[in-house]
Amino acid sequence: MTGITAPGGRERGLAAVLSSAAMASAFTYAALGAVFAGFAIERMTSRITYVTIIAGLCVVGAAILSARRREISVLRLVPTTLIVFLAWVLVSATWSQDAAATLTGWMALVALAFLAVVISHVRDTLQTARALGDVMRVLLTVSLAVEVLSGILLDMPIRFLGVQGNIAMLGPVQGIFGTRNSLGFIAVLALITFLIEYRTMSVRPGVSLYSAILAGVLAMLSDSPTVLVLAVAVAAATGALAIVRHTPTARRRTVQWLFGGALVVGLAVAYGSRHTIIAWIGAARDFSTRADLWAQIVVFVRARPIQGWGWSGGWSEDFPYGTLNYILRESHRSALNSYFDVLLQVGWVGLILFAVFAGLAFVRSWLVASERRSIVYAWTPLILVALLVDSVFESFTLSGYGWLMLVLCALRAGQARSWRERIDEASQGTDLPPLGDLPQGSDRRPG
C-alpha cells in the first residue's frame with residue numbers, strides 16, 4: 001500500500017540517521033559545547049539541567065555507537081589504562097567517607113569519558129579539532145561580549161556568571177568560565193586549535209586571524225599566572241616537535257632521546273629555580289597558597305598512602321576536605337593540582353594509574369605526530385602538554401572539559417598507535433588503517 005512504511009523500514013531509516021556524518025558532526029558540536037559551557041549552563045539554569053544535558057548526550061551517543069557497531073572494534077574502543085583507572089576510582093567507594101559522593105563522582109567521570117569515546121569513533125582528528133575550534137570561537141566571543149557589557153556598557157558585575165567587570169582596567173576577566181584561570185587555560189587550548197586550523201587551511205585566513213587575536217587578548221586579560229607557563233611549555237613543545245618532524249628518519253630516535261634528556265634536565269632546573277620563576281611571573285601569592293595547601297595534603301596522605309580517602313572529584317565539606325579548609329581557613333574546591341588531588345583521593349595506586357594513563361597518551365601522540373606527515377597530528381600532543389602542565393597548578397583535568405579533553409586525546413593516541421590495533425588487524429586479516437588515521441574529512445562510513 002502506498003504511504004505506509006514498514007516497521008523495519010523505520011528502524012533502518014533511524015539507523016541511517018544515527019550513523020550519518022551529519023549526526024556525528026552535530027553530536028560532536030553539542031557535546032563539546034555543553035561541556036565547555038558547563039559553568040554558564042549551571043549558573044543560568046541549574047546543576048540538574050547540566051546533568052540532564054550530559055545524560056541525554058550519553059543516550060544519543062550510545063544510540064550512535066549502536067548504529068555504527070559494524071564499524072567499531074571492541075579492542076580499539078577504550079584504552080585499557082583508562083578502564084583500570086576508572087575501576088580503581090569505583091573500588092574506592094568501599095573505603096570512602098561518603099560512598100554516595102564517590103559513586104556520583106565516578107559516574108561524572110564515566111559520562112564525560114563516554115562522550116569522548118563517541119566523538120573519537122565518529123570524527124577523525126581534523127574534524128574534532130575543527131569542531132573544537134568553532135566551539136571555542138563562539139564561547140570566547142560570548143565571553144568577550146559579556147565582559148564588555150559588564151565592565152564598559154553597564155559598569156557593574158554580573159554576579160550570577162561570576163563576571164567582575166574588570167575589562168576596563170585590563171583585567172582580570174573571567175568570561176563565562178567562572179575564574180580567570182579557567183579562561184586562561186581555555187584560551188591556550190583555543191590558540192593551539194586555531195594554530196592547527198591555520199596550518200591545515202581548514203578555515204579562511206580572516207577567521208584564523210580573528211580567532212588567534214581573540215584567544216590571545218582574552219589570555220592576557222585573564223591575568224592568570226599559569227597562562228605564561230602554559231604558553232612557554234606549549235611553545236617549547238611545538239619547537240621540539242617541529243625539529244623532530246624535520247629530522248631524517250635514521251636520526252629521529254636519537255633526537256627524541258636528546259629531547260627526553262633535555263626535558264628531565266629542564267624540569268630539574270625549573271624546580272631548583274622555582275622561587276625565581278615564581279617571582280618573575282608574579283605568582284608568589286598564588287604559589288604560597290598552593291604550597292600551604294599541598295603541605296597539608298601530604299599530612300593526610302600519610303594516613304592512607306596506598307588507597308587514599310576515596311574519590312570525590314570536587315571537594316565537599318566532608319572529611320578530609322572540610323578539615324583541610326578549616327585548618328587553612330580557606331574554601332578550596334580542589335587541591336589546585338591534579339596530581340595531589342588524585343593522590344589524596346585514591347592514593348599512590350591511583351596516582352600511578354593516572355600517570356600511566358596520561359603518560360602513555362602523551363608518548364603515543366608524540367610519536368605519531370613525529371612520524372606522520374600531516375600537521376594535524378600535532379594537535380593531540382600539544383593539547384596534552386597544556387593539560388599536563390596545567391595539572392601542576394589546577395585540577396581541571398579531573399572534571400569537566402579538562403577530563404573530556406584528556407580522555408579524547410588518549411583515545412586519539414591509542415587509535416593511531418596501540419598494541420590492540422595490531423591484534424585487531426591480525427584477527428581481521430586486513431591492512432586497513434586504524435579509525436584514527438582515516439583520510440581527513442572522512443565520515444568513517446564504509447564505501
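Colleague: Under what relative accessible area does a residue count as buried, and is E197 buried or exposed?
Modeller: Buried means under 20% relative accessible area. This is a predicted model, and in it E197 has a relative accessibility of 1%. That value falls under the cut-off, so E197 counts as buried.

Colleague: About how many helical turns separate D134 and R130?
Modeller: D134 and R130 form a salt bridge, with the closest N and O atoms 3.0 Å apart. Both lie in helix 7, four residues apart. The separation is therefore about one helical turn.

Colleague: How many residues apart in sequence are the parts tied together by R180 and D223?
Modeller: R180 forms a salt bridge with D223 at 3.8 Å between the closest N and O atoms. R180 lies in helix 8, whereas D223 is in the loop between helix 9 (205–221) and helix 10 (225–245). The pair therefore ties together parts separated in sequence by 43 residues.

Colleague: Around what arc do the buried residues of helix 5 lie?
Modeller: The buried residues of helix 5 are T81, L82, F85, L86, W88 and V89. They are on the same side of the helix because the arc they cover around the axis is only 155°.

Notes
Residues are numbered from 1 along each chain as its sequence is written. This is a predicted model: local features need pLDDT of at least 70, side-chain atom pairs count only at pLDDT 80 or more; totals for chains, interfaces and linings use all residues. Side-chain values use heavy atoms; hydrogens and water are left out. Buried means under 20% relative accessible area, exposed over 50%, partly exposed in between (1.4 Å probe, protein chains only). Helices (H or I, at least four residues) and strands (E, at least two) are DSSP runs, numbered from the N terminus. The arc is that of the directions from the helix axis to the C-beta atoms. A salt bridge is a side-chain nitrogen of Lys or Arg within 4 Å of a carboxyl oxygen of Asp or Glu.
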